[in-house]
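Hi there,

Here is the structure I promised to pass on to you. Please have a look at it first, and then read my notes below.

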Amino acid sequence: MEHVIFIAILSLSLSAFAFSCYRRLALVSVGKNEYRFDRPLDRLREMLVYAVGQKRVVSRPFGLNHGVIFWAFLVLALANLEFLVSGIFPAVSFALLPAPLHGALLFLFDICSLAALVAVAVAALRRTVNPPFEGARTFEAYLILSMIATLMLAYFVVNGVRIAQGMLPGTTATPVSNLVARLIMATPAAGALEQTGNVFWWIHAVVLLGFMNFLPYSKHMHILTAIPNVFLRSMGKCNSQEREAFQEGNSFGAATVERLSWKDLLDSFSCTECGRCQQACPASSTGKTLNPREMIHAIKENLLQNGAVIDKLSGDLQAERCVSLIGDGKKGNTKARALWSCTSCGACMEACPVFIEHLPKIVKMRRHLVQMEASFPEELLNLFENMEQRSNPWGMAPSERSKWSSQLNLRPFEAGKTEYLLFVGCSGAFDARNKQVSVALTRVLDAAGVSYGVLGKEEKCCGDSVRRLGNEYLFDQMAKETVQQFLSKGVTKVITQCPHCFTTLKNDYRQYGLELEVLHHSELIDRLLREGRLTPARSAETGRVVLHDSCYLGRHNDVYEAPREVLRKATGREVLEMGRNRENAFCCGAGGGRMWLEEHEGTPINRSRVQEALAQQPVTVCVSCPFCMTMFEDGIKEVAGSTTQVKDIAEVVALSL
Amino acid sequence: MLVVACIKQVPDTTQVQIDPVTNTLIRDGIPFIINPYDSHALEESLRLKDNHGFKAVALSMGPPNAEATLRKALALGVDRSILLSDRVFGGADTLSTSNVIAAAIKKLGEQEEVGIVFCGKQTIDGDTAQVGPGIAVRLGYSQLTLVDRIEKIDLVQKTIVVRRKLEGRYEIVEARLPAMITVVRELNRPRYPTVPMRLSSAKAQVECWSNEQLQLDVNSVGLKGSPTWVSRIFSPERKEGEIIGDGMNDPVGAANLLLERLIDGDMLAV
């Protein structure tokens, strides 16, 4: 009879589970097309390393704890399979296997169950004492932990009873179950072994099936989606955004779920709500409205809320009936103010254990605000008009662009006569402090005998800020102009001193059919030093020097070592590191177009970073980006009595010549 | 009821240079922009459209390439853009310009009642601030200059109350409609075009009116109708500057030297 009841419950559970999964995942298909199946072998490898191997998970505090639960789950999946199968066919079990193999499995299950139990206890303790973020102590989190703990305990009792009954060999292969068997024998339950075994078998069965059916409705959906989500990750860096087709009748950006891609939507189901993105986020951690975790969660909520509309219209969804993704920040939407506080630094994506791509979603929503509603912080009106009319953020006359080099006798770029184009960038050409960097860089290049030319007044802004700010229409115009100019002049190799120009020329312009060899000056100088074309005559007098990683050089383009190597050689001393460095570096606050926006909320991001730098008691803070330069110069000026100087690495190298 | 925004396409003056030989502006390769004050006039006309149900018309007199500016006005949301362009209008001073624009507004008024005409307080190339008042006088409209706030519009009584921004004071003025209003930049914050509007404006029709439509006496327009003309444009001569002190090595000393010089030259007087 029990056997029949179990089969009925199991069939019902499996059907309900399949139906729930189908309902949830069908929602994902409302998203726009995106091809994520190229390089399947590489994808498989990534999945093994990052999902099965939990590489990112274990890299941060308490990650190992998750790893233990996850790996134990993998092993115990076998035990649970046996559990369900023997529920239907009592004669089928691992006991049919050769004894040594059976013993080995029992040992593995015993150890893994214990490990999972301990890890669950640690997780519960951690969530109670030191939660990953405020609001992490949810009923759901504790419910899941207690379900897992119950499963493990029930497993031990069921096995203990069997050992006590002599149905299982009570050898050293099952140390925990043996112990439990002995405990049972010491309690009144010893007189009712059969009943005790039954009760716990049913507890195990009900909790297991309940757990399975709860998954699709909780953040633990990630148990199902995280592994495929890693397989479907962006195989390159998320350092660029897709182009838009500017034709009449098209819509631009995303304010409703169907304007996001299916992968964006799958991301929202894969979020484990671990809170690592918000810890890494410069906006979240300095008191701004943006919280990347909540933004991803809002997309999921939004998708679920709009599920009814989507179902009825079978994918052909009417946006006006849809709850917007951008709104008051309540259930299912994100405040516009939050979207504007993103610095596009990419720390969230670097921290995410399941490779959720936050930045593309933010830019898509910004694109909607700018392009469909012309709604953006007021400072940006001037920026956009200056960029459109004069191709620089300050609205300076284009004829002033070459003024910084009026004393320098630079050569104009000419294909065949000059090897590199030195793309100075707006900051390097117009900003007083960064003009000094440009001059220093030309000194370094000249000292190494590099053949380079400039575009002078003809150079235009690369468009980085407008693209990250979501003004894709304007970026498209600007990119086409510069791409056309490069093609007609035969530019193939470019040196930039700004990581924003660097990434735009290197990664964004590729979408316009322009493949360039782009070197950030730190890379070129590193190469020149290595090849012996540049030899420091003396050590640059910088004192203790600490390096700040630029997000667009480091995290977005993986250039971490070149600036360090250059500094080491130019100063003859070790480079001091801040607590958060390389891929964990903290943004200066100026990326993603934030350079042109006031920081009205929370504490300034640059203040936070400057304090982190000053904790190393440096004489010099070294940067490799004109925006970082401005943010550090401004931040250090605020610190009373600080004599710390900010230098670009080109300036440090120039001092060593 | 119509609201008309008079806008002018001007060379981006930060980029204008003067040909030392001919004493004229070098216009080649200089980008054109909408006169900054006019963009506020345009914005206010769009606000009247949004909030009071006016129909907004953008009007510009200029060479055929001024169409670009009028197209931008369409992208921002005006209902009609009209270019007043004819060889006989060329070389106009402020008097003959206001003749042409006034005639165009009068013609618009034959189709639908004109309530308000907005102009920028002046253009950044001519800087005369005369065309707006000239239009008002020729049309017999109330003339409200230097307006930085629209206080009230009463479409039943056909009156308007505005605030004028004058030196050191404000003036609240009530006037009868129709009125010609010149605006200062504090009046509003111009909007930014949405992409769908930009794309649709690219194909939209900018109407072009020549003297055939306006039927003005050719002696009252263009160079012939202009009692004034520019005889010469030149940059004021500037004495060569000098570097005072050694700012790199002794910034405090250099600053002191500079201060002394400013005080000696009585250049810090308030």
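**Domains of chain A**

The centres of domain 2 of chain A and domain 3 of chain A, taken over C-alpha atoms, are 31 Å apart. The bounds come from an automatic or database domain assignment, which gives chain A domain 1 (35-231), domain 2 (257-373) and domain 3 (381-655).

Before going further, note that this is a predicted model, where local features need pLDDT of at least 70 and side-chain atom pairs count only at pLDDT 80 or more, while totals for chains, interfaces and linings use all residues. Residues are numbered from 1 along each chain as its sequence is written, and chains are lettered from A and ligands numbered from 1 in the order in which they are written.

Back to the two domains: 20 residues from domain 2 of chain A and 23 residues from domain 3 of chain A form their contact (two residues are in contact if their C-beta atoms, placed from the backbone, lie within 7 Å). On the side of domain 2 of chain A that touches domain 3 of chain A, α14 (347-351) and α15 (358-373) of chain A each supply at least two residues. Helices here are DSSP runs of H or I with at least four residues, numbered from the N terminus. The largest share of that side, six residues, belongs to α15(A). By class, that side of domain 2 of chain A has eight nonpolar, eight polar and four charged residues (Ala, Val, Leu, Ile, Met, Phe, Trp, Tyr, Cys and Pro count as nonpolar, Asp, Glu, Lys and Arg as charged, and the others, Gly among them, as polar).

**A helix pair in chain A**

Helix α1 (residues 2-28) and helix α7 (residues 193-214) of chain A have axes that come within 9 Å and cross at roughly 15 degrees (axes are lines fitted to C-alpha atoms, for helices over the stretch in contact, and angles run from 0 to 180 degrees between N-to-C directions). That makes α1(A) roughly parallel to α7(A), a label for angles under 35 degrees. Residues in the contact include F6(A), I9(A) and L10(A) of α1(A), with A205(A) and L209(A) among those of α7(A). Its classes are eight nonpolar, three polar and no charged residues.

**Chain B**

Chain B itself is divided into domain 1 (2-220) and domain 2 (239-270), with 44 Å between their centres, taken over C-alpha atoms.

Best wishes

Definitions and conventions:
Parallel < 35°, antiparallel > 145°, perpendicular 65-115°, else oblique.
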